[in-house]
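Trainee: Could you show me how to read burial, salt bridges, helices and cavities in a model?

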Amino acid sequence: MERYFQPEIETASREQIKAWQDERLVKQVKHVWDNVPYYRKKMEEKGLTPDDIKSTDDLHKLPFLSKYDLREAYPYGLLAEPLENCVRIHSTSGTTGKRVVAFYTQHDIDLWDDCCARAITAAGGTKEDVCQVSYGYGLFTGGAGLNGGSHKVGCLTVPISSGNTERQIMFIMDLQATILCCTPSYAAYIGETMKEMGLTPDQIPLKAGIFGAEAWSEEMRHDIEKTLGIKAYDIYGLTEISGPGVAFECSAQSGMHINEDHFIAEIIDPVTEEVLPEGSEGELVFTSITKEAFPLLRYRTRDICVLTREKCPCGRTHVKMCKPRGRSDDMLIIRGVNVFPSQIETVLINQGYPANYQIIVDRVNHTDTLDVQVEMTPEMFTDNMGEIASRQKKLVEGLRSMLGLTAKVTLVAPKTIVRSEGKAVRVIDKRKI
Ligand code: DLL
């Protein structure tokens, strides 16, 4: 039997959902107009006032927001509540040290926790469960979001954060954890390690996993399900719109229901910005209609996907999104961490290397690897292995502090990296997802 966390909302009629969206959008536009001069200016530039937005049918009139706006308005420019009403921030890693900072009131956190609780319940979670949250805690939204949802459901929450795989496994076994929340690549790594330890799926107490924050394939889902003996559910979200739980998978495991009582989703053509009809592939755009502190209207996610309103056997009525099929920009997601090639370039250049480098991303045993090949200048070139090793070490450290990730760095001789006559190919992404 399908379980819901908020059945009256999750299975509401389409008319009811539209009525909530209409009412909340009108209220939200007014809230933003009154409190966010940055957005008010954008509306004025389009000749709009709140009176022009009477329902979701008028949504298309509103201007878009993009990551560019978030950077320009950093840190407080899009805040819609006095700071004293805010209780927390979260943040994503940014390209040039400027991060996206999202703000939350207590009410915002409460609603976000509800969204994550819906996801955990859809994965079969109840208060009887032990939920191990192995997403990173801190500025990243993964840990805090699933932690809040797990509390709401009433699970015994294990806030272990990511890393220290042996300890992860010890807690899963000793506390008899039944639900695991982490990135799919980390789940695969945990599974791999358990297998090497001789644990068979029937010895592992887990029954479900809630995996997201990065792209993962159906093949990867099957592998993880087989190794851990669980059902693996996808979960989607982004810091700007709250964090995990913007959309989540149900027992049908065929796309993620978007929490439409909180977020209005649109699909647009990323080039013309035209709104596309249901079923078309395009860029996903969200409007948050219940957020108080950081309400983004028509935010361009750069994630490419398809929406469908086909009836779902789980009984939920909210629109479903497919797994994002890629991004409309150059951002890489490596082990759940956002990485821009320009960040890597900055580290290299700061340490005196020319901009001749190649980034090779692969997935080995379901874990992302990041190899950076860096050309030395003729002046640096040497056959002194000790000197090369120490240079490589310094680059690894620089990259770790910029990205929060460990990369493998290889210094190569001058002129080894192929020059391009057109756009340089900096990134070779060998992952098949
Ligand atoms: O990744 C929030 C999150 C945490 C989602 C935990 C799910 C679980 P950001 O770090 O801001 O937030 O990155 C957001 O990650 O625009 C997508 O490109 C990508 N992404 C998130 N979930 C998925 C998913 C969190 N299930 C960016 N499948 C988004 C594919 C995903 N990509």
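**Reading the model together**

Mentor: Let's start with one side chain: R14 counts as partly exposed, at 30% relative accessibility. Buried means under 20% relative accessible area and exposed over 50%, with partly exposed in between (1.4 Å probe, protein chains only). This is a predicted model, where local features need pLDDT of at least 70 and side-chain atom pairs count only at pLDDT 80 or more, while totals for chains, interfaces and linings use all residues. Residues are numbered from 1 along each chain as its sequence is written, and side-chain values use heavy atoms, with hydrogens and water left out.

Trainee: Which residue does R14 meet in a salt bridge?

Mentor: The general idea is that side chains of opposite charge can pair when their charged atoms come close. The rule here asks for a side-chain nitrogen of Lys or Arg within 4 Å of a carboxyl oxygen of Asp or Glu. R14 meets E260, at 2.7 Å from N to O. The pair joins distant parts of the chain, with E260 in the loop between β9 (256-258) and β10 and R14 in helix α2, 246 residues apart. Helices (H or I, at least four residues) and strands (E, at least two) are DSSP runs numbered from the N terminus.

Trainee: Is E260 buried or exposed?

Mentor: E260 counts as buried, because its relative accessibility is 1%.

Trainee: How many salt bridges are there in the whole structure?

Mentor: The search finds 27. Among them, D58 pairs with K61, their closest N and O atoms being 3.2 Å apart. D58 is buried, at 13% relative accessible area, while K61 is partly exposed, at 30%. Another joins K408 and D371, 3.9 Å from N to O. K408 lies in strand β18 (residues 408-412) and D371 in strand β17 (residues 367-375), so this pair ties together parts that are 37 residues apart in sequence. Salt bridges can also form a network, as they do in linking R363, D368, D429 and R431.

Trainee: How far does helix α6 reach from its first C-alpha to its last?

Mentor: The expected span is 1.5 Å times one less than the number of residues. Helix α6 (residues 141-153) has 13 residues and reaches 18 Å, close to the 18 Å expected. Most of α6 is covered, with 11 of its 13 residues buried, including G142, L146, N147 and V153. Just after α6, look at G154, which takes a positive phi of about 95°.

Trainee: What lines the largest cavity?

Mentor: On a 1 Å grid over the protein atoms alone, a cavity is a set of points where a 1.4 Å probe fits but cannot get out, while a pocket is an open set with protein on both sides within 12 Å along at least five of seven lines; lining residues have an atom within 4 Å of a point. Points are joined across faces, edges and corners, and a volume is the space filled by probe spheres set on them. The largest cavity, of about 80 Å³, has D108, W112, H262 and K291 among its lining residues. Helix α5 (residues 106-122) gives the largest share of that lining, four residues.

Trainee: What is the volume of the second largest pocket?

Mentor: About 420 Å³. Its lining has 21 residues, of which L59, I264, A265, E266 and R309 lie nearest the centre. The elements giving two or more residues to that lining are α2 (14-35) and β10 (263-268).
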